[in-house]
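Let's take a look at this protein together.

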Amino acid sequence: MMDHPTPDAPLRIGTRGSALALAQAHETRERLAAAHGLPANAFEIVVIKTTGDRVLDRPLREIGGKGLFTREIEDALLDARIDIAVHSMKDMPVLQPDGLVIDCYLPREDVRDAFVSARWDSISALPAGTVVGSSSLRRRAQLAHRRPDLALVEFRGNVQTRMRKLAEGVAEATFLAMAGLTRLGMLDVVKSRIPPEEMLPAVAQGAIGVERRADDARAGALLAAISDQSTTLRVEAERAFLRRLDGSCETPIAGLAELDGDRLMLRGEILLPDGSISITGTRAGSSSDGVAMGRDLAEELLGRAPPAFLELSGISPDRGSPPLR
C-alpha cells in the first residue's frame, strides 16, 4: 500500500513564484489530490526564487540561458528540501542533473502564440517600423524572417510585467503563450491566436512537466496517476529534436508534434537570430517512434544548413548530446 502524504507530512511541491508558475503548481496539486482522494493540504507549495526571476535587466542568453529558471529549484529537489518540482517545459534545458527525472506531464494546453496589442489586431496589420517587444529569441527570429520591416526590442519579465511594459508604451505589440494566458484567465488580452503554420511554437510550449528524484518511488507512483500519455509522446519527440540541436537561448528553434490516433507528425524549424535564414522540415510516423523521428528531423535540418548558418548559430553538425549544464 502506498504511503500517502498527509496534512501533517505533506508532499512538498517546488515552484517559481510568478503568478503563472503558481497557477501551474496549484493545478498539479489539484490533480494529485483528486487522483488519490486526498485533501489539498496534503500537498505543500514551496516557492523558490530563481536567478532568472531576479535578473530582469539583461537577456537570458547573456546571463546563462534557460537553466537560470530551474537551477535553484533542482538544487532544492536534490537536497530533499522539496519532493517534486513543477516546470513549464518550454523553459527546461534538454538534460536534467544526475539523479533527477521528468516522467510526468499534465495534459497539454493550447500550444499557439498569442498576438497582444492595444492598437493592432494581428502581425499583418502592423505598419512598417512598429516596435514589437519580445524576450524570446525564437519569436524575434520568426518575426524578423516574416516582417524585417519591424523594430524588435527586448521585453523580459513575467506576463504581468510584459503587459505593464506594453501599457507604458515600451512597445506597441508583443507575443505571449496562449497556454499561460489560459491558465491565468487572461484571454481577454489576446488580439489574435497565431496558427502554428504561421509561427511554429517553442518546443514543449503549453506543457507542464513534473520533476522528481529518480530514486523516489513514492513520488513516481503518485505522479503516474496524473501523467498524460498523449502529452508525453509529443513532448518527448519535440525534446529529442531539441536535444540533437543542443538548443539554448543562443539558437532560435521551434518544434511541434501532433497526434492523430497512433500517428505522430513532427514539424521543426531552426533560424538565424536575425531571421535571415529559416530551415524547416517534417516527419510523420508511429507515435512510438517519436524520439527517433525527433533526432532524424534534427539531422536533416543540420544537413540542409549552410556552413555559415552553423557557424553563426553555434550548432555543430558533429555534436552529440550536449553536456550537462
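Which strand do three bridges join to β6? That partner is β7, and the two run parallel. Gly 133 stands opposite Val 153 in β7.

A quick word on the ground rules. This is a predicted model, where local features need pLDDT of at least 70 and side-chain atom pairs count only at pLDDT 80 or more, while totals for chains, interfaces and linings use all residues. Residues are numbered from 1 along each chain as its sequence is written, and side-chain values use heavy atoms, with hydrogens and water left out.

Now zoom out: β7 and β6 belong to an open, mixed sheet of five strands, ordered β7-β6-β8-β5-β9. Strands here are DSSP E runs of at least two residues, and helices are H or I runs of at least four, numbered from the N terminus; two strands pair if DSSP finds at least two bridges between them. Helix α6 packs on the sheet, touching β5 and β8 (contact means heavy atoms within 4.5 Å).

| Element | Residues |
|---|---|
| β6 | residues 131-133 |
| β7 | residues 151-153 |
| β9 | residues 192-194 |
| α6 | residues 159-167 |

Next, the inside. The largest nonpolar core has 29 residues, and Phe 309 is among those touching the most other members. Such a core is a set of buried Ala, Val, Leu, Ile, Met, Phe, Trp, Tyr and Cys residues joined through side-chain atoms within 4.5 Å, buried being under 20% relative accessible area with a 1.4 Å probe, protein chains only. Helix α10 gives the largest share, five residues.

Key:
Axes are lines fitted to C-alpha atoms, for helices over the stretch in contact, and angles run from 0 to 180 degrees between N-to-C directions. Buried means under 20% relative accessible area, exposed over 50%, partly exposed in between (1.4 Å probe, protein chains only).
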